[in-house]
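User: I would like to learn how to read packing in a model like this one. Could you begin with what a contact is?

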Amino acid sequence: ITNIMENTINEMTIVPITGQVISETTMGLDVPEFIEAEEVFENTNHPNFIESNTQATTLDALKDQCIVPTFSDNTLTIAHQNFIDVVYKAAERVYGELTPIECRVSHPVIGRVPSALHKNVKDLRENEKTLFYQRLAWCCQVKNLTREINGQSVHLCIGGVRAYNEDKLYAKKAPEKFKIFVGWRVRVCSNLCLTCDGYSGTVECMSTLDLFEKACQLFTQFVSKKEDNLVLLENLGRTKITENQFCQIIGRLRLYQALPAIERKGLPEFDLGDNAVNAATRNYITNPNFGKKSGDMSCWNLMQLLNEAAKLSYIDTWLSRNQNCTNFAIGIQKALEGNDTEGYTWFLN
């Protein structure tokens, strides 16, 4: 049985990506030169980039301990580890050397082999158990690329999200859904400052080759926009928020949750729920880096408090909520400066 299981798992997890992905001429993409070195990255521990109900794992664990789901016609899905490998290679091609991967998973799906159907749980051997994780989030950073925004060091961060619950595994093979991002990450708290320029949204891919191409396109396009993103984010620190204004924003966010859908249509979208708003409120008091203890409150601090609260989201909604927090902080800044055209002034009235 042991030999059968090992062979089965090996067969299920092998997806031929080497020949498709590594070739520099495969996609015919023009990759701009990207060489910067301002600070050597130190491989130290960081706070988790997402919390919720996730747990840490490694690439070796994904390869050696997890099976790979299939579609109803027994066609393999793209395994989590292959998703990471393909996007990582695309990022290396565009940005150069990267740091080791940080990986979080959730929603384990646990099973057993047919020969162990009638065994009690306590009698199961390790080789009789099967496991895969429904949801995965991972990220890494570009080495030697550091900036400082509003007194905080930030690194260029790359990663992705995958959730099997978004794929119709009960049907025949169809395009699989992934999310890819590149953006600046605050070192002190691991918060992502994610804008629409660096977020792919949901991309559908039939193969690792499709995935590699779309990852390269996103990363290449962001190269010319990375400095503009820095300026945009740095400007948030120049717009101050008083405690009364912060309290007004929090109160409006609570009210926003209770509004009828027809009234929300005329207002900017805000994806975080009451629990996240409560967490941002608590962090205003307790967070030493971005709360009231840090000194002057600004739109930059507001974004970080909301981003920290967004880390309580499930993996499959985390990236979109993170981007929404950035959009919200930028919208509040425009409202405070009198340049609002999207309705963010409502949150200050």
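Analyst: Contact here means heavy atoms within 4.5 Å. Leaving aside neighbours within four places in sequence, Gln333 is in contact with Asn235, Leu236, Thr239 and Cys299. This is a predicted model, in which local features need pLDDT of at least 70, side-chain atom pairs count only at pLDDT 80 or more, and totals for chains, interfaces and linings use all residues. Residues are numbered from 1 along each chain as its sequence is written, and side-chain values use heavy atoms, with hydrogens and water left out.

User: Why does Gln333 count as buried?

Analyst: Buried means under 20% relative accessible area, exposed over 50%, and partly exposed in between (1.4 Å probe, protein chains only). Gln333 counts as buried because its relative accessibility is 8%. Its place is in helix 11 (residues 315-336), where helices (H or I, at least four residues) and strands (E, at least two) are DSSP runs, numbered from the N terminus.

User: Which residues touch the most other members of the largest nonpolar core?

Analyst: In soluble globular proteins, nonpolar side chains tend to be buried together. A nonpolar core is a set of buried Ala, Val, Leu, Ile, Met, Phe, Trp, Tyr and Cys residues joined through side-chain atoms within 4.5 Å. The largest one has 80 residues, of which Tyr95, Trp138, Ile158, Phe219, Trp300, Leu302 and Phe328 touch the most other members. Its largest share, nine residues, comes from helix 4 (residues 80-95). Not counting residues up to four places away in sequence, Phe328 touches Ile249, Leu253, Phe270, Leu302, Leu306, Tyr344 and Phe347.
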